[in-house]
Amino acid sequence: MPIFAYHHPLHASMGEAAVAAAKAVGYVGAGTVEFLVDTTTNEFFFCEMNTRLQVEHPVTEMITGLDLVEWQLQVAAGGKLPIVEQAEIDDRLSGGMKRLPTLDTACKPSRTSSRGCIATQTCKLGAWRAGILRTPHRPRSGHAIEARVYAENPGTGFLPATGNLRKLREPPADAFGDSTVRVDTGVAEGDNVTMFYDPMISKLIVHSKDRATALRDLNLALRSYQVAGVPTNLSFLERCASHPAFMEGGISTSFLDDHGEALVKEADLSPTPPSAVAVAAAAMVLNRNEASRRGLNLPGGAWGQIGASWRAFDSAQGVAETFAIETDGGGSTVDVEVRHHSDGTFTITVPSEDEATTQHVEATFKTTAEGTTMEVVLDKMHRFDVDVSIEETQTETSVHLFAHNATDTGLGPRHVYNVVAPKATFQGASDVSSAPLIKAVMPGKIVRVLVEVGDVVEADQPLVILEAMKMEHVIKANGPGCVSAVSFAEGEIVADGAILVELEVADEVELAA
């Protein structure tokens, strides 16, 4: 059970047990002891001890005002803890907060470098923490909650993702009233998320007066987080934090077992608002027209693969053009008709199950130091801004939308659309093999190749074992066939989506023979 469900007596017992465990083995330094609680008996049991600060340590820091990272460095440098009695920590939580000495004045390090104290140099890298964790005479307590923002795809079993962080905007720290929003991160816009490290983008921590307020502002912070270039779990975290069972409290380690599948599928089942598709189409066309005006050539992207009538779209104003847009989550593709008028506006028709929706869109790009914003007027009455990030690949254009104050239009805070170039216009499309392609489900290292060229395989037969994120993943055949190509050898590193094995489809008689 989460610890918020219990009162102080159980907290104290857990703390005493944790200290006893550390003393029993003569442990010195920062450490985290985990317990499991039996909700029927209110007994707790030792689970494990990690000889380091856990990733959740900011929650403790936010409700106590203590800088645990500084304490860890202080002990490692030969110093002593500023507080050694639990009663002093309890006093801080009840309002009697004292200003603690910083490492610069309290620490007497035994190691130095040409630049001075190693420990002090390290602490100064985190000087920003002082504003949050060393505010004098400000009692903490309250409630804090942390969400880990990951480059991963919840829809594929939370497989990790890699790629370039083309856009990265953290929630504004000063936009949540009395709540404190903190983001711990080690990456910046333009960095690459690689297969060699954990794909965590950041830890998002919200502290407020109580749990309900902290959850409310966590949701607001998640909705304002902008990441483009890699899939993330942001929307999944939003749905978790707003799920009735989670908000009620009393959840257990079985929460995802009970609700995880529904939380993942909820995104696929939610209808894609036509307004979002229309705005994505307008952004895509504006982007192409702007590139055309600047004389940019995009031969490698989806637009470079499209016929001459598409490239002349800007000059052929008033002529309707139709193209395919893959909706949020990749669940379906719709044929969207765009008519670009001479006054710079668009009439965009988006089909639906019942009837097509036609919307009038006025849109202009505004480029600032923060990126590209599109000012939108929808149906001549809804005015809002959308932050836009657009990426060209060989076969499609990916459009990321981050809307502001557009809830009355059905447009949510975060949408991703893929505009797929018509296959008939691909150069060399007739040369593309129709053989089943077995691809890597994530970046990783080839541990074993289980087949050779010429082998006949059955559906679901293991072909390759891929190691990624400390786990082995078995890549299986998607149907019966004969192995026509093996692209990688054992020990090689492969990217996400890399073709590992090619199969030639054989009929049942040939396979049986």
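Visitor: What makes residues of helix α3 count as buried?
Guide: Buried means under 20% relative accessible area, exposed over 50% and partly exposed in between, with a 1.4 Å probe and protein chains only. In α3, residues 68-76, the buried ones are L68, E70, W71 and Q74. Seen down the helix axis, these buried residues fall within an arc of 155°, so they line one face of α3; the arc is that of the directions from the axis to the C-beta atoms. Helices are DSSP runs of H or I with at least four residues, strands are runs of E with at least two, and both are numbered from the N terminus.

Guide: This is a predicted model, in which local features need pLDDT of at least 70, side-chain atom pairs count only at pLDDT 80 or more, and totals for chains, interfaces and linings use all residues. Residues are numbered from 1 along each chain as its sequence is written, and side-chain values use heavy atoms, with hydrogens and water left out.

Visitor: Why is the contact between E189 and R169 called a salt bridge?
Guide: A salt bridge is a side-chain nitrogen of Lys or Arg within 4 Å of a carboxyl oxygen of Asp or Glu. For E189 and R169 the N to O value is 2.2 Å, so the pair meets that rule. E189 is in the loop between β10 and β11 and R169 in strand β9, 20 residues apart.
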